[in-house]
Amino acid sequence: MTQPPGFTDPMYPDHVYLLKKALYGLKQAPRTWFERFSLFLLHLGSNSRQIGEVVQKLGHEFVMKDLGPLSYFLGIEVSYFPGGIHLNQSKYANDLLSKVDMANVKTVHTPLAQKHGLQEAAGKAADPSNYRSFIVSLQYLTLTRPDITHVVNLASQFMQNPNSIHLQAVKRILRYVKGTIDHGLRIISQSSFRLYGLSDVDWARCAITRRSTTGYSIYHGANCVSWSSRKQNTVARSSAEAEYRY
């Protein structure tokens, strides 16, 4: 490595800069930045009761801007109440409904009919591109809506070859979202540190593959922090086996 032509230092012609690689977009960059930031906080003796002072001192040390309390981030709205926060995607949901011309539809009380029969559904072929657009948009909405996770997962299984029955089921989800536009997650600050989970298995629900569907939700105290609903990878011969495998 040499000095660039036209910028050679006559006093030190053989000297070059030693670059700290972690500061130039490599995988080590976040860790290096965290170490730098941690050392500065320790130097300040940071105290939670002096947040304003800490922010001011950070502004002297780093190039930063205090944006105040978080209110909106990546389509997720944050509202505050005594003892916690509420996360929802009502603006995103409203924009989605307007985009698909369903802003004024009648609402329904459940996102999925009790006897939906989607696996055996036979109807007129639907536009796969349009159907996938619906599903992808709804998948992002599940970030704060565990109540639609299962039905969105179910509908996503037909993205390759959707028909009119599948499309009708997706529109039912949107009608349910319309009626529950402000639903979201409550995160309570004064909650226990107990970690526990709830799970269940719908044995051999898929009429085509006979695979079971598993759903779970993980709670940290009163706060739901993780959830999922998906098909198992293999066929279980009994409900007990399906629950054990998961």
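The legends below accompany close-up views of a predicted model. Residues are numbered from 1 along each chain as its sequence is written, and side-chain values rest on heavy atoms, with hydrogens and water left out. Because the model is predicted, local features need pLDDT of at least 70 and side-chain atom pairs count only at pLDDT 80 or more, whereas totals for chains, interfaces and linings use all residues.

**View 1. Helices α4 and α6 pack against each other at an angle of about 35 degrees.** Helix α4 covers residues 128-141 and helix α6 covers residues 164-179, and their axes lie 11 Å apart; helices are DSSP runs of H or I with at least four residues, strands are runs of E with at least two, and both are numbered from the N terminus. The axes are lines fitted to C-alpha atoms, for helices over the stretch in contact, and angles run from 0 to 180 degrees between N-to-C directions. The crossing of α4 past α6 is left-handed, a term used if the near helix is turned anticlockwise from the far one by less than a right angle (right-handed if clockwise). From α4, the residues Y131, F134, I135, L138 and L141 meet H166, L167, V170, I173, L174 and V177 of α6, contact being defined as heavy atoms within 4.5 Å.

**View 2. T142 is located in the loop between α4 and α5 (149-155).** With a relative accessibility of 16%, T142 counts as buried (buried means under 20% relative accessible area, exposed over 50%, and partly exposed in between, with a 1.4 Å probe and protein chains only). When residues up to four places away in sequence are not counted, T142 touches I148, T149, V152 and W227.

**View 3. A salt bridge joins the side chains of E61 and R36, at 2.7 Å from N to O.** This pair links distant parts of the chain, since E61 belongs to helix α2 (residues 51-61) and R36 to helix α1 (residues 29-44), 25 residues apart. E61 is partly exposed, with a relative accessible area of 37%, and R36 is likewise partly exposed, at 40%. The structure holds 3 salt bridges, each defined as a side-chain nitrogen of Lys or Arg within 4 Å of a carboxyl oxygen of Asp or Glu.

**View 4. K91 and D95 form a salt bridge whose closest N and O atoms are 3.1 Å apart.** Both residues lie in helix α3 (residues 90-99), and because they are 4 residues apart, about one helical turn separates them. K91 counts as partly exposed at 40% relative accessibility, and D95 is also partly exposed, at 40%.

**View 5. R145 is paired with D147 in a salt bridge, with 2.9 Å between the closest N and O atoms.** R145 is buried, its relative accessible area being 2%, whereas D147 counts as partly exposed at 32% relative accessibility.

**View 6. A nonpolar surface patch is formed by L70, F73, L74 and Y80.** Together these residues have about 450 Å² of accessible area, calculated by the Shrake-Rupley method with a 1.4 Å probe, where for residues only the protein chains shown count as cover. Patches are made of residues with over 30% relative accessible area and no salt bridge, like charges being joined within 9 Å and nonpolar side chains (Val, Leu, Ile, Met, Phe, Trp, Tyr) within 5 Å. L74 is placed in the loop between β1 (72-73) and β2 (76-81), and L74 counts as exposed at 59% relative accessibility.
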